[in-house]
Every structure is written in structure tokens, then in C-alpha cells.
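Hi,

Have a look first, and my notes follow below.

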Amino acid sequence: MAEADSGFNYDPTKNYDDQICAQQRDIEKQITDEQSLVSNILSFDVLKTEYQDDQVFQNKIQDIKSRYKHMRKTRGDGNCFFRAFGFAYLEHLLKDDSDFPRFKEVASKSKDELVSLGFPQFTIEDFHDTFMEVIDKVGNKISYEEFFQLYTDQGISDYFVVYLRLIVSGHLQKEEDFFMNFVEGGRTVKEFCNQEVEPMHKESDHIHITALTAALGVTIRVEYMDRGDSDKCNQHDFPDGSKPDIFLLYRPGHYDILYP
Amino acid sequence: MAGSALKRLMAEYKQLTLNPPEGIIAGPVNEENFFEWEALIMGPEGTCFEGGIFPARLTFPSDYPLSPPKMKFTCEIFHPNIYPDGRVCISILHAPGDDPMGYETSAERWSPVQSVEKILLSVVSMLAEPNDESAANVDAAKTWREDKTKFQEVAERTVRKSLGL
């Protein structure tokens, strides 16, 4: 867009951080107002409408539709992978609690591991407390409605997401020798965690998913719906060759939940 | 989430009182309002700010520590990373992506496991080593880069002023 049109003249001696940050806040607010943290169950028709004139996506939606019953959307706020993961896995535990004792044990122990990695206790305590409260409620067999209400409470949900991020950070740092090979931009694993994992709203990549599934012993299948030529979605299981507990749909920059 | 923020701020205050970092005092302006803190920062030794005591305000959002606080010096201070009105502009006060001007890629960022203590320690390092790449005070950055003697003089004046001399 031409600068004259917007009445804006760039002044290279000025610092525009504030204005740009304010604009970013506006965009975030709009997303918050328009999208729920986790939606109700939806049919794939919503995707069909979104990609009305896009044959590549229409074919892939058809492929997903032939293998899955329905989906659930998550808010596109950069936390969607973690939000989707937490919801789908806890919902899975509500239906089938055979993995609950193991998962709870891993979850409770995780705090001491983070402390031993050097996270100051007072910075992680509140997040771990909320994380365990939610897990305990699921263990106490709350109803689906109660669970949905709990998990879509912004405060609780965000604290749950923060803690999942910390688990990923802890795992990456613990297995630094391995993960350092996958960190881009000449950064150390610790720098990567500080910049790409621990802050809210930073999007997740393969490396986050690999670390989270390994740390918690939970298996995921991701269906990739992208602009690739194929009529079908590629899929990837984390870890490779496992039987998935939960299913996620990836579209560039975003994760939603799938139900077979 | 103001309840969670308050709980965390009280924990941080306790932590800072029990193990105060060298050259830094910080705490709520009054116990009625934990979302507004005052900090006193001593100019780091061996720098042109040595000997000064610089007061600043920290304002915490209701979703702290998901979002970072804002920090503003309430005294006169001429520094590349401090706006002329006193606002502090360093990477740890920003989540990644909040810096179109670009901080160094290795720069420490805000995340919920950072803390007031980490911020204040970063501010002390910033006083010792200005970063003229992402300048909040263009004039100060230019002086720092081109005329160290003048920068030194201005700094020494603010040091005396901060002590009420």
C-alpha cells in the first residue's frame, strides 16, 4: 500500500514499537472476542465453507471427512497446539481412565524436575497447582459439561497452557544434547526455550510436539492439511509408530482437534 | 485472574525481601495495591552511573505474569534504552514478537517464569551496557555512539541529581 494513501510518513528516526504493539493488542483482542478458546463439536461443513473456492483444501477436507467424525476448533492465539492437546487428552482420560494413574504420577513429579533444572520454585508453583487441580478434577470424574466449563475458563486454561509450555521447556533442556541439533538461528536450547517455548502465544512446531509427547508419554496423530498437491492429508504420529491417544488437525499456523 | 496475579506478586515480594539482589530495592508502593511497585536501582560500579540511586515505578497488568509489567524511571536519566519520559525499553519487558525494531536474537524475553528480580537485574546490566541497536532515546544513542565524553558528563549530572545534590 502506498504510504501517501494512508497518510502515514515513515520517520526512520522514530521508534514505532509502541504503535505496533498497540496494533498487535487490537488484533489479539479481536481474535479473543470472535473465537472461543475451545469450540463445541463441529461438523466438517465449517471447513468446507471456509475454503469454498479452494479445490486443494476441498479435496483434503473430503479425505478428513472420510476418516473422522467431527472436529473442535481452538482459538488462534498462538497457544492452539497446547490448548488443543490439553483438551483432547483430558477428554480422552474422562472417557478412558486406564492411563490416568501413570499420567498423574508424571504430572506431579514434573515440578521437582523443573526446579532441579533451575526454574525458581515461586515462578512455577502457581502454574503447577492449577495444572494438578484440573487433572484431579478429571480423575474425580467430573461431568463433560463441568470439564468443558473448567477448561474454557480463560484464567485456568491459560495457566494450564503455561504449564504445558514449561514441561516442553524442561524436556528440551533435559535432553539438550539431542535437541540442540534442531534449534534454528544459532541459539542455545535455553535461549530457544526462553524465546519460542515459555512465552504465551508463541506457536508450536515439530520440536514442541516431540518434546511434549515424550515428556508426558502421550501419543498424538497430526493430520496436515496444507497446500501440497496430494488429495489426501499427510499424517504424522508422535512418537513415530505409536498408537495415537488423540488426533489433531493442522492447517498452516493452527491446530484443531479431530475425532475418529 | 487478578487473584492469581496478586498471589504471585506477594510471593515475589517475599522472595525479594528474603534474598535482595545487590544494589536493588523493590516493593509495592503501599500494601493496599500490589500492582504498583517502586524500585530503587543503584548505578552499577565502574560505569558512568556509579553512585547514583535511580527510582522507578513498575506497573503490573491484571494478568501478570502472563503479561509483563511496564517500568518507568521517575527521575531524569539519559540513556539509549530509556525513553525521554522514563519508560524502560528492554527485551525482557516484551514477549517475543513485540519488537518490530528488533532486539538481538539472543536477548532475554518476557515469559511467565521471568520475575521482577530478573527484570531489575536486566535493567542494571542495561545501565552498564547500553544497547544502541534498539534505541528508545535516539539522542542518547547517538551521544553514546559518537561522543562518550559528553555521555559521561550527562550521566554524572543525573547521578548527582538522583542524590539530590
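A quick definition to begin: two strands count as paired if DSSP finds at least two bridges between them. Helices (H or I, at least four residues) and strands (E, at least two) are DSSP runs, numbered from the N terminus. The model is predicted, so local features need pLDDT of at least 70 and side-chain atom pairs count only at pLDDT 80 or more, while totals for chains, interfaces and linings use all residues. Residues are numbered from 1 along each chain as its sequence is written, and chains are lettered from A in the order in which they are written.

Let's start with the sheet in chain A. Six strands form an open sheet with mixed pairing, in the order β1-β2-β6-β5-β3-β4. β1 (38–42) and β4 (234–238) of chain A sit at its edges with a single partner strand each, so one side of each has no neighbour in the sheet. Inside it, β2 (residues 70–74) and β6 (residues 254–259) of chain A are antiparallel, joined over three bridges. H70(A) has Y259(A) in β6(A) as its bridge partner.

UniProt, in an unreviewed entry, places "domain: OTU" at residues 69–260 of chain A; such annotations may be inferred rather than shown by experiment. That stretch is 55% helix and 14% strand, and its end C-alpha atoms are 5 Å apart.

Now the two chains together. Contact (C-beta atoms, placed from the backbone, within 7 Å) involves 26 residues from chain B and 29 residues from chain A. On the chain B side, helix α1 (residues 2–18) gives the largest share, six residues.

Enjoy exploring!

Terms used:
Contact = placed C-beta atoms within 7 Å.
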